[in-house]
Structure formats: C-alpha cells, structure tokens
Amino acid sequence: MKKEAVVVAAVAGAAAVCAAAAAADVLVRRRRQSRRREKARAIADAFQRKCATPMVKLQKLAEAMADEMHAGLSLNGGSKLKMLVSYVDNLPTGDEKGLFYALDLGGTNFRVMRVVLGGQEERVVKQESVEVSIPPHVMTATSDELFDFIAQALKIFVDTEGEDMRLSPGRQRELGFTFSFPVNQTSISSGNLIKWTKGFSIDDTVGQDVVAHLTKAMERFGVDMRVAALVNDTIGTLAGGRYNNPAVIAAVILGTGTNAAYVERANAIPKMQGVVPKSGEMVINMEWGSFHSPHLPLTEYDKALDIESLNPGDQVSLTFSFPSSHFKIDLIIV
C-alpha cells in the first residue's frame, strides 16, 4: 500500500508540475499577445493621428476640389482633375430590350457578359458572364498581344451562345466596352488612351484609340461585333444605377483605383465644343484619383507605396481619418 501511495503521489506531483508548466506557458502567451495588441494599437493610433482631417480641413479640401472641378470643366489640362467629357448625354431608362454584350477591362482580370433585357416588364431576362485573368507579361507587352488575348476570349464566349440568346437575322452584335483607364473620348465609341495605370505599361497604346485596337483584334479572330459605346467603369456604374433608379446622378468606384462620375449641365462645361445635346446634360468622368491638395495628409505608407508604383506622383489615394472613428474613405457623394 505504501508503494502504491508513493506511486500515486509521484503521479500527482508530476501532474501538478505539468499543470503549473502549462499555466505558465499560457501566461507567457497571453503576455506576448497583450504586448502585440499594445504594439498594434500604438501603430494604429499613430496612423490615425497622421491621417487626422478635422471638419475645418475637410471643408477646405472640399473647396479645393470644387475649384479644381470648375477649372477642369473650363479647359483641358487646366486642372489636376481631368473632368473628361464622356459623350454620354443619355443614361438608361429601363425600357431597353434585346441582346447586348459587355466587356469590362479594368485591372488584372477582365469580364465578358451577355445579357437579354426585357424592358420595364421583365428587366433582365437572362445574363451570362465569364471572368478571365490577364497574364502579367501581357500587361506589359504590346497592344496587339493584349487585345488579341481579349479578342480570343471574347470569341470563345460568343461561340457558347445558346438558342435562347441569339440575335435576329441581319443584326450585328453590339458591345459596350468598359475601359477603366484615363481616356480622351472623341465620340461615344472612340477614345485615345492618356496613360496606363493599375500595373499596365504598354507604350504603343498610349495616345491611340483603344476601340480601334480592339476592333482590329476582333477582326483577326473573326468576331462579328461592333463597339457601340466606350465608357469608363465609373460611368458604367452610373448607367447601372440609373437603370434601376432614375434619381441616381453620381457613381463612385472603390477598387484597384478610385474614381467618380456624375451628370453635369451641358452649359456648365465651357471646354465642350459643338452642339449642346438635346438632353441638356453630359456625364463627366472626373478621374479624381489625380487630385491632391496640401490639405490632404500623406503618411509614410502613402509615400512608400507611391515611390514603388509604376507612375510615381500620379493617382495618389485619398485617405481621411476622423477623430471619432478610423477608416478609409474614397468618396464624396450626393
């Protein structure tokens, strides 16, 4: 019995030692976690202080942006905000009917969609889409390589049309081309690339009509389709919003980059030449990623990211922090 008691005592002692060791290990881990939380909190607090934009500064920032908007509407190149005329003077009403195609190129992926619209009664009858990743080497290759890659994927998608999504005889497919890069529009279906952003760098496309490049690529791959409209992704978002709600007047993109588009009075755009559209309105692509003001704080993180980007000094993010909360905001919307 004594031996058994000794064994039991030894086991109990070993268990106590193990329990004590485990408790000590838990305590050490908790202390480390606590120190990590304190360090993270200190970094977040410092970041918040450096980004602080009280209401007085926000008001000055809004005034600076309004001044830049007026300057950009008056003269091409007269502002940090490009305020590009889109040639879109009418937005969807919800009455649209038929089969339509869409191509959205705005980052490392592009998306192709076809949709059947049924007017006010049926709205979107059917839609199908596919997303394609662009290989990194294509993003820095040549115009032909990029647009051939897109046209090939477009052909594969068109070839999968079902009987319920075919055009009536004699009608050509129409494509809405969403091109999410700065473009000087020359018409509703043409525009010259100002510069690449978002990791793209293809010199022979800059200054060229991107619709012409896409059209030639589609011809090379036998795609029977014409580009009916060239729009920025922000304008596409605005059109989608108006399709569902006639009161929508502005749209904002928060993605790889940030931008805004809105409906402006045509007579408030001095730089727009020619006949004023019957609607009396024009959609403006602000390209507000280029906006910067001395009232806008930039942290060391912003500067480091900018230096390592393909276009240092351009498209600097708008980051604000408020005393009552801490978050990133990239928009001003009505």
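The paragraphs below go through a predicted model, from its confidence to a helix, a sheet and the helices packed on that sheet.

Because this is a predicted model, local features need a pLDDT of at least 70 and side-chain atom pairs count only at pLDDT 80 or more, while totals for chains, interfaces and linings use all residues. Residues are numbered from 1 along each chain as its sequence is written, and side-chain values use heavy atoms, with hydrogens and water left out.

The pLDDT, the predictor's confidence in each residue on a scale from 0 to 100, averages 83 for the protein, and 85% of the residues score at least 70. Helices (H or I, at least four residues) and strands (E, at least two) are DSSP runs numbered from the N terminus; confidence is lowest in helix 1 (residues 2–51), with a mean of 66, and highest in helix 5, at 97. The pLDDT falls below 50 over residues 6–12, a stretch with zero contacts (heavy atoms within 4.5 Å) beyond near neighbours in sequence. It is also below 50 over residues 318–334, although that stretch has 48 such contacts in the model. Where pLDDT is low, the predicted coordinates should not be read in detail.

Helix 2 (residues 55–74) buries L58, L61, A64, M65, E68, G72 and L73, where buried means under 20% relative accessible area, exposed over 50% and partly exposed in between, with a 1.4 Å probe and protein chains only. These residues lie on the same side of helix 2 because they cover an arc of only 170° around the axis, taken from the directions from the helix axis to the C-beta atoms. The face turned away from that side carries the exposed residues M55, V56, D67 and H70, whereas the cover over the buried residues includes strand 10 (258–265) and strand 11 (281–285).

Five strands form an open sheet of mixed pairing in the order 4-3-2-5-8, two strands being paired if DSSP finds at least two bridges between them. Strand 4 (124–133) and strand 8 (225–231) are the edge strands, each pairing on one side only. Strand 5 (residues 173–179) runs parallel to strand 8 and is joined to it by six bridges, with E174 opposite R226 in strand 8.

Helix 5 (residues 210–220) packs on the sheet and touches strand 2 (97–105), strand 5 and strand 8. Within helix 5 lies H213, which counts as buried because its relative accessibility is 17%. Leaving aside residues up to four places away in sequence, H213 touches S143, F147, D204, T205 and Q208.

Methods:
Axes are lines fitted to C-alpha atoms, for helices over the stretch in contact, and angles run from 0 to 180 degrees between N-to-C directions.
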